[in-house]
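Please look at the sequence and the structure shown here, and keep both in view while reading the paragraphs that come after them.

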Amino acid sequence: MQFDIDQWRAWAPGLDSAEDWRAWCAAPRRLIDAQQQPDVGFLPALQRRRLSRLARMMFHVAWPLAADHPPLPLVFLSRHGETPRTLAILTDLARDEPLSPTQFSLSVHNAIIGLWSILRQDTSEMTALAAEGDGLEQAVLDACGLLADGAPAVLLVVAEEAPPALFDGHIDDVPFPYAVALRLSAGQGWSLALENGDGPRADWPHSLNLLRCLLGLQPSLRHHWKRRQWTWSRPHP
Amino acid sequence: MSDLHLEIKNLIIEALGLEDMTPADLPSDLTLFGEGLGLDSVDALELGLAIQKRFGIKIDAEAKDTRTHFANVASLAAFVSAHQAA
């Protein structure tokens, strides 16, 4: 697969600018989550109020990339989605209490792309994926399909919220909440190749590893997941 | 402002996540749905649930005067008072 990455943006607690991420990439570490909220001040308060932090992270990283690009198909990837909302609903159920209609309507996996579509008034094709370790690469595959279908550009957003404490010991692939947005277009600046192969699991979520390449700190990258070997490279940097 | 009006205003702000708003921004005669505050149908369900939980009043979403009771803070207060007295 070949494509261009025109623009990217990432957020995690305490990290927002490219310079912040450059410093993190030089010395990757687990971040302390003090429940910081990414800024979504570009939305009116009445529209902001239903956005969970996961949704705010998604909007914060994706909005600037979409600003001059109406309409823009979207591939949204989150393995765990709105786990805190689902847990709140299940807790109410277990206590025999009535369910919050707001929590219920926003707990489904494609609720965030629904809000995105409504608030941006964009009716382009949008997909919500949940996948394991190489979800990033699966999402790129989806995005490349949309590009091959003629979309001038595709927005790809990966976002994970910190799982509630109940899931400690069960969810081990979210070191801290994070979101990464990429705007892809047809081109030959980047190549992603799939082969059979075994190798060590990456130290960090794949989209955070990719930032090293995006920042030009590393020319290529190899990710392994379940006998799949993905190689990212920049044939024409 | 009566205590019940204030309590209902705080309940609306809290239940519907109206960050940035205070009871002072919510006049008792302000229309809550559509024109006015601009709440929608999901808010109506959420507010109905909040009133039910706080005041122990069962609300029939199908009843034709439910819409009238939910017009503004004053009508909600009258509705709650009537049920508390009953």
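The model is a predicted one, and in it chain A and chain B meet through a contact to which chain A gives 13 residues and chain B gives 15 residues. About 1100 Å² is buried between chain A and chain B, with carbon and sulfur atoms giving 47% of that area. Five salt bridges are counted between the two chains, including one that joins B:D40 to A:R50, where the closest N and O atoms are 2.8 Å apart. Seven residue pairs, both members at pLDDT 80 or more, are found in polar contact across the interface of chain A and chain B. On the side of chain A that touches chain B, the elements giving two or more residues are α2 (45-48) and α5 (101-106) of chain A, and the residues of that side comprise five nonpolar, three polar and five charged.

Turning to chain A by itself, an unreviewed UniProt entry carries the annotation "domain: Beta-ketoacyl synthase-like N-terminal" for residues 21-233. Over residues 21-233 of chain A, the chain is 35% helix and 22% strand, and its end C-alpha atoms lie 20 Å apart.

A:L155 belongs to strand β4 (residues 154-160) of chain A. Because its relative accessible area is 0%, A:L155 counts as buried. Apart from neighbours within four places in sequence, A:L155 is in contact with A:A62, A:L65, A:A66, A:L72, A:P73, A:L74, A:V75, A:W116 and A:L182. The C-alpha atoms of A:L155 and A:A181 are separated by 7.1 Å, although these residues are 26 residues apart along the chain.

Technical notes: Residues are numbered from 1 along each chain as its sequence is written. Chains are lettered from A and ligands numbered from 1 in the order in which they are written. This is a predicted model: local features need pLDDT of at least 70, side-chain atom pairs count only at pLDDT 80 or more; totals for chains, interfaces and linings use all residues. Side-chain values use heavy atoms; hydrogens and water are left out. Contact means heavy atoms within 4.5 Å. Buried area is the accessible area (1.4 Å probe) that two parts lose on being put together, summed over both. A salt bridge is a side-chain nitrogen of Lys or Arg within 4 Å of a carboxyl oxygen of Asp or Glu. A polar contact is a pair of N or O atoms within 3.5 Å; within protein, one must be able to donate a hydrogen and the other to accept it, and residues adjacent in sequence count only if both atoms are side-chain atoms. Helices (H or I, at least four residues) and strands (E, at least two) are DSSP runs, numbered from the N terminus. Ala, Val, Leu, Ile, Met, Phe, Trp, Tyr, Cys and Pro count as nonpolar, Asp, Glu, Lys and Arg as charged, and the others, Gly among them, as polar. UniProt positions are given in the numbering used here, feature names are shortened, and annotations may be inferred rather than shown by experiment. Buried means under 20% relative accessible area, exposed over 50%, partly exposed in between (1.4 Å probe, protein chains only).
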